Amino acid sequence: MSTSASLAAALAILTLAATGSLAKTIEAPERGAVRAVLIGIDLYRNVPPLHGAVADAEDLSLSLRSVGVEDMTLLKNGAADREGIFHAIEAVTERAGPGDLVVLGIAGHGSSEPERVKGSKPSGRDEVYVLAGFDTRLPGSRERIFGDEFKVLIHNLEAKGADVVFIADTCHAGGMTRDVDPRGGEITWRQAPSYTIEEDDLAPISTTADALSTGFDFQRLTFLAAVDDNTKSPEISIPGIPQKRGALSYATARAFEGAADRNGDGAVSRRELFEYVRQAVYQFTDQRQNIFTESPPGTDLDRAVVYSYEGAGAQVAAAKSTAPPPATVAPAAAAPIRIAALGPDQPLQGISPAVTPFTLTEAADAELVFDPEKHEAIAGGDVVASGVGAGDMPFVVDRMAALDTLKLMSEANPQTVRVTPSDAVHREGERVGVTVSDLAGRKLVLFDVTGDGTVQFLYPGEKDVDAGMPQSFDLDLSVVAPFGTDLLVAVTSETPMPDLVEFLKQNDRRRTAGNIARRLGEVLPEGARVGFTVLYTSAGAKL
């Protein structure tokens with residue numbers, strides 16, 4: 001079996017572990033039917049194409065079908081025009097009744113235009129969903145849908161007594177957490193280039209009242225949007241999946257399959273859904289994307305159930321007890337990584353792997369790029385290691401393999417962990433923090449993998465092994481050399497983790513990131529949560 005096939009197989013095994021059982025049947029919170037309209041657009045007539053929006057819609061469709069959803073409408077590319085989308089949602093509204101749950105998902109390009117109702121938006125701009133046939137002139141200018149129009153459609157569903165989950169995997173505005181280093185591979189974003197409508201006869205179905213409505217006007221809506229006001233939505237690579245994807249759709253699909261049911265009671269609350277998807281997206285996008293979530297004001301996020309599974313509790317617990325352990329992904333995660341060097345010389349020729357295999361390729365196709373002039377390694381638009389030479393690159397490759405392994409392991413049961421105050425590049429001498437949340441009643445192990453592949457065991461010390469944990473744990477750090485990245489990993493469990501602690505002690509202060517990629521799963525206890533965040537650092541004072 002090829003390495004890529006092995007990784008794909010491991011991903012399938014992990015998905016089964018996350019879902020627990022394909023026999024589960026999803027239910028609306030009031031035991032009504034679950035219905036879905038899912039939209040994905042990659043191919044645009046006048047806008048740059050995307051690579052994974054159709055795959056996102058298909059993935060959500062498959063995940064919902066795997067848990068018993070039969071009322072499913074899937075619209076892709078040209079079929080997802082304005083008329084087709086409105087017709088599909090109006091049709092499911094006709095079928096919907098009290099107690100039903102309707103999932104609306106759209107993946108594709110977004111944009112914004114000057115607000116039609118003056119003073120209705122804090123930014124002064126309306127959100128717009130750009131469709132396949134969009135143009136700035138007629139008739140293509142009709143092929144767009146305003147965010148306020150989706151409010152109308154959702155209000156109509158609520159009027160039928162249905163709950164709504166709206167997944168908007170698009171980007172309408174916002175900035176970037178960190179600049180993208182042009183030496184790395186190109187990143188595609190789900191935000192259409194700016195435009196000016198030249199001919200327009202579009203009459204939105206929304207009214208002034210719709211434009212002025214807020215979250216207080218919705219009673220049964222659970223909303224997940226790809227980005228907040230400060231970040232953009234990239235298309236990303238998921239380990240083991242060949243084509244780019246949207247992180248929000250991918251994470252939500254896994255949530256529907258069961259991964260968001262953190263306490264194993266067979267019911268997914270709004271808090272469980274929001275926290276699972278937020279952490280999964282944060283990790284899969286290398287912290288470039290922070291999702292936006294919203295529910296009716298005053299909602300108790302812990303008590304509000306978004307969906308549940310038939311036979312909740314016992315069936316889910318039994319499925320979790322028979323799920324494969326996280327170790328099933330570890331060996332396959334060390335897939336060959338494509339690397340390249342800039343410039344006419346070939347400094348990587350003849351260099352052998354440390355643990356993780358790699359192949360040499362052109363810079364445009366590489367996952368990891370070495371700049372011999374600046375002694376830097378670049379991946380995903382970020383400098384991941386500084387002060388490195390060609391001989392260090394096998395260890396940087398091992399660090400990438402460790403990151404891929406952690407993404408797969410944390411997919412099923414992520415531990416919430418964040419860098420504070422932000423995910424920007426932090427300069428030499430700055431103080432930064434790492435916060436691990438939701439720790440009450442659990443044990444914590446922390447370790448770090450630096451950009452050059454060095455493992456560092458951080459916590460617990462000898463005196464901390466038996467200590468009780470507070471609700472959250474804060475680690476205060478100062479930015480010092482070597483610069484690039486620090487991959488900070490948090491593992492939590494209801495029981496002590498002596499095997500993991502001993503494993504990390506044996507690897508402490510050694511360039512053994514490859515061992516993390518290959519062996520970490522073997523020393524994790526059942527039910528362990530794995531989460532990580534990356535601290536991006538650079539020499540020089542903050543500008």
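# Helices and buried side chains

With 12 of its 15 residues buried, helix H7 is largely enclosed by the rest of the structure. Keep in mind that this is a predicted model.

**Helix H7 and what follows**

- H7 covers residues 270-284, and its end C-alpha atoms sit 21 Å apart, which agrees with the 21 Å that 15 residues should span at 1.5 Å a residue.
- The buried set in H7 includes charged residues such as Arg 270 and Glu 272, along with Leu 273, Phe 274, Tyr 276 and Val 277.
- Further along H7, Gln 279, Ala 280, Val 281, Tyr 282, Gln 283 and Phe 284 are buried too.
- Just past the end of H7, Asp 286 has a positive phi of about 55°.

**Lys 407, a buried lysine**

- Lys 407 belongs to helix H9, which runs over residues 393-412.
- At a relative accessible area of 5%, Lys 407 falls under the 20% cut-off, so it counts as buried.
- Its side chain makes a polar contact of 3.2 Å with the side chain of Asp 286, the residue with the positive phi just after H7.
- Leaving aside residues up to four places away in sequence, Lys 407 touches Pro 239, Gln 283, Phe 284, Asp 286 and Phe 532.
- Of these, Gln 283 and Phe 284 are among the buried residues of H7.

**The H2/H6 pair**

- Helix H2 (residues 53-66) packs on helix H6 (residues 247-259) at about 5°, with 8 Å between their axes.
- That angle is under 35 degrees, so the two helices count as roughly parallel.
- H2 brings Asp 56, Asp 59, Leu 60, Ser 63, Leu 64 and Ser 66 to the contact, while H6 brings Ser 249, Tyr 250, Thr 252, Ala 253, Arg 254, Phe 256 and Glu 257.
- By type, the contact residues split into 5 nonpolar, 4 polar and 4 charged.

**Helix H3 and its neighbours**

- H3 (residues 82-95) has 14 residues and reaches 20 Å end to end between C-alpha atoms, close to the 20 Å expected.
- Its buried residues are Arg 82, Gly 84, Ile 85, Phe 86, Ala 88, Ile 89, Val 92 and Thr 93.
- Those residues pack against strands S2 (34-40), S3 (71-76), S4 (101-107) and S7 (144-146), plus helix H4 (147-159).

**Ile 154 in H4**

- Ile 154 sits in helix H4 and is buried, with a relative accessible area of 3%.
- Beyond four places in sequence, Ile 154 touches Leu 104, Val 164, Phe 166, Phe 218 and Leu 221.

Definitions and conventions:
Residues numbered from 1 in each chain as written. Predicted model: local features only at pLDDT ≥ 70, side-chain atom pairs only at ≥ 80, totals over all residues. Heavy atoms only, no water. Helix = DSSP H or I, 4+ residues; strand = E, 2+ residues; numbered from the N terminus. Expected span 1.5 Å × (residues − 1). Buried < 20%, exposed > 50% of the residue type's maximum accessible area, 1.4 Å probe, protein only. Contact = heavy atoms within 4.5 Å. Polar contact = N/O pair within 3.5 Å; in protein donor to acceptor, adjacent residues only side chain to side chain. Axes fitted to C-alpha atoms, helices over the stretch in contact; angles between N-to-C directions. Parallel < 35°, antiparallel > 145°, perpendicular 65-115°, else oblique.
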